[in-house]
Amino acid sequence: MHYINELEKLNITHKKFDEGFVKSVIENEYPFCRLLEYSVLFDKYTKTDKKGTFVNLDFEQLYAVARIDEELSSFIICAFLDIERVLKARLLTLKNRLNISDDIVKQYIQTDTEFLNKTYTPENRQVLIKYSKPIEALSIEEFLDVIQFGTFQRFCAYIYNTYTNKPYEYDNYIKSAYRLRNKAAHCEAIITQLKEPFDYGTQSIVGFLREKGIKHKTLTTNMSKALVFDFCNMMYLYCGIEPKYKIERTYKKLSGLLDSCKQYTELFAKNSMLVSVYRFMREVAEIFKNGIN
């Protein structure tokens with residue numbers, strides 16, 4: 001069997017599952033290439049005749065990571081939809097408070113024409129004609145209803161810079177949430193980002209978590225991973241703008257996701273990175289349980 005041969009070449013065993021089950025997973029759940037993406041989370045031999053193959057990696061581990069990744073993607077999408085809805089409501093509140101005219105839409109478009117022309121190609125421009133009038137003639141409410149989130153982010157920045165002379169207050173957090181949302185929406189592997197380094201520098205989210213009692217070494221180890229940093233930023237944003245009942249509901253979802261990982265404790269016991277990240281996310285979840293105040 002092709003898949004089994006490829007696994008054997010990489011020294012990936014399948015002790016728990018027979019060949020038929022492995023074939024079924026690959027053909028009906030997770031493509032072979034996707035499962036191999038998760039292999040970056042595991043060690044390879046660097047010497048001897050086994051160089052380049054995996055050290056004690058089993059198909060069950062790849063399958064488990066794939067399922068966790070699927071749950072994480074679902075959580076991110078749901079949280080992001082909440083964030084997008086609230087941010088749009090807040091922008092409209094600002095519009096009413098400052099009595100901003102609908103002409104701001106036309107003014108913004110004139111300043112960002114190049115980006116908009118690249119983003120809304122003839123193939124996807126139909127979303128902009130929902131209201132049967134030129135995009136420049138849309139009210140702020142109508143404009144927010146039809147634009148993609150990337151455009152919304154730029155529009156927010158334009159309004160804040162124009163009317164408040166300040167940068168958009170949520171910009172850094174939104175960038176993180178948007179990165180995660182894009183990966184989840186395009187069905188990309190998310191957990192593999194744990195291997196992507198990130199220089200978080202002096203970020204407010206780090207200071208917040210430190211104030212809440214997370215030790216410096218733990219922060220340094222985990223927040224230097226792109227996925228962890230972006231996820232913490234997303235949760236900080238969520239808990240900063242959502243009402244208490246929504247935070248409690250989302251905490252239950254996150255806690256449930258983390259609880260579901262317990263079944264893999266023994267399976268990943270020797271993977272120090274995954275163990276460290278799991279423990280860290282447990283701490284983070286409890287911190288965000290009560291919001292950020």
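Arginine 34 counts as buried, because its relative accessibility is 14%; buried means under 20% relative accessible area, exposed over 50%, and partly exposed in between, with a 1.4 Å probe and protein chains only. This is a predicted model, where local features need pLDDT of at least 70, side-chain atom pairs count only at pLDDT 80 or more, and totals for chains, interfaces and linings use all residues. Residues are numbered from 1 along each chain as its sequence is written, and side-chain values use heavy atoms, leaving out hydrogens and water.

Arginine 34 makes a salt bridge with glutamate 37, with 3.5 Å between the closest N and O atoms. A salt bridge here is a side-chain nitrogen of Lys or Arg within 4 Å of a carboxyl oxygen of Asp or Glu. The two residues are three apart in helix H3, so about one helical turn separates them. Helices are DSSP runs of H or I with at least four residues, strands are runs of E with at least two, and both are numbered from the N terminus. Glutamate 37 is partly exposed, at 36%.

The structure holds 17 salt bridges. Another one joins aspartate 259 and arginine 282, at 2.3 Å from N to O. Aspartate 259 is in helix H13 and arginine 282 in helix H14, so this pair ties together parts 23 residues apart in sequence. Arginine 282 is buried at 19%, while aspartate 259 is partly exposed at 36%.

Now helix H14 itself. Its buried residues include Met273, Leu274, Phe280 and Arg282. What do the buried residues of H14 pack against? They pack against helices H10, H11, H12 and H13, where contact means heavy atoms within 4.5 Å.
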